[in-house]
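Hi,

Here is the model I promised to pass on.

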Amino acid sequence: NERVFSLGPACSHGRVRCMALDREKNVVYGVAGDEDDLGSVFSYDDENGLRWLGLLATDGYAHGSCASYLLTSCAISGDGKILAVGSGDRLGCVYLCVL
């Protein structure tokens, strides 16, 4: 089948743990990584290809500093403007990312 191809790794190490498709079904967002390293957020669409979007951490006076290691879930809000990412590590954080 000529329509099957590889995009390469979504994360430098570890597995893809969850993916969510946007409302228009054009962009998929995902979380990946090994449980002993920082988790990663990535996206894929036909125009930009596979893109690493970064790590999730906070560093601020009001909420303190932390980084989530085990990103386990992601979902897109009904209006398509927010990506929620959950962590399965001891912090148990939910990050809200503006798209």
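One definition before the tour: a polar contact here is a pair of N or O atoms within 3.5 Å, where within protein one atom must be able to donate a hydrogen and the other to accept it, and residues adjacent in sequence count only if both atoms are side-chain atoms. By that rule, the side chains of Ser-68 and Tyr-95 are joined by a polar contact of 2.7 Å.

Some housekeeping. This is a predicted model, so to speak of local features we need pLDDT of at least 70, side-chain atom pairs count only at pLDDT 80 or more, and totals for chains, interfaces and linings use all residues. Residues are numbered from 1 along each chain as its sequence is written, and side-chain values use heavy atoms, with hydrogens and water left out.

On secondary structure, strands are DSSP runs of E with at least two residues, numbered from the N terminus, and two strands pair if DSSP finds at least two bridges between them.

An open sheet of 4 strands has the order 1-2-3-4, and its pairing is antiparallel. Strand 1 and strand 4 (49-54) sit at the edges with a single partner strand each, so one side of each has no neighbour in the sheet. On average, neighbouring strands here are turned by 25° against each other, direction ignored; such angles are taken between N-to-C directions of lines fitted to C-alpha atoms, and run from 0 to 180 degrees. Strand 3 and strand 4 run antiparallel and are joined by 5 bridges, with Ser-43 standing opposite Arg-51 in strand 4.

What does a buried Asp-45 have for opposite charge? Asp-45 has no salt bridge, and the nearest side chain of opposite charge, Arg-51, is 5.4 Å away. For the cut-offs: buried means under 20% relative accessible area, exposed over 50% and partly exposed in between, with a 1.4 Å probe and protein chains only. A salt bridge needs a side-chain nitrogen of Lys or Arg within 4 Å of a carboxyl oxygen of Asp or Glu. Lys and Arg count as positive, Asp and Glu as negative, while His and the chain ends are not counted.

The side chain of Asp-45 does reach the backbone nitrogen of Asn-48, at 2.7 Å. Leaving aside neighbours within four places in sequence, Asp-45 is in contact (heavy atoms within 4.5 Å) with Asn-26 and Val-27. Lys-25 belongs to the loop between strand 1 (15-21) and strand 2 (28-33), and counts as exposed because its relative accessibility is 64%. From Lys-25 to Asp-45 it is 20 residues in sequence and 9.3 Å in space, C-alpha to C-alpha.

His-13 comes in the segment before strand 1 and is partly exposed, at a relative accessible area of 34%. His-13 and Gly-33 are also 20 residues apart in sequence, with 5.9 Å between their C-alpha atoms. Not counting residues up to four places away, His-13 touches Gly-33, Asp-34 and Asp-37.

**The hairpin of strands 5 and 6**

Strand 5 (residues 57-60) and strand 6 (residues 64-67) pair antiparallel over 4 bridges, and a hairpin joins them through 3 residues. Thr-58 has Cys-66 as its bridge partner in strand 6.

Ser-68 lies in the loop between strand 6 and strand 7. Is Ser-68 buried or exposed? Ser-68 is buried, with a relative accessible area of 0%. Beyond four places in sequence, its contacts include Leu-38, Gly-39, Leu-56, Ser-87 and Tyr-95.

Strand 7 is joined to strand 8 (residues 82-87) by 5 bridges, and Ala-75 has Ala-84 as its bridge partner in strand 8. The hairpin of strand 7 and strand 8 has 5 residues between the strands, and Gly-80 takes a positive phi near 75° there.

Strand 8 and strand 9 are likewise joined by 5 bridges, and Ile-82 has Val-98 as its bridge partner in strand 9. Their hairpin has 6 residues between the strands, with Gly-92 at a positive phi near 60°.

Cheers
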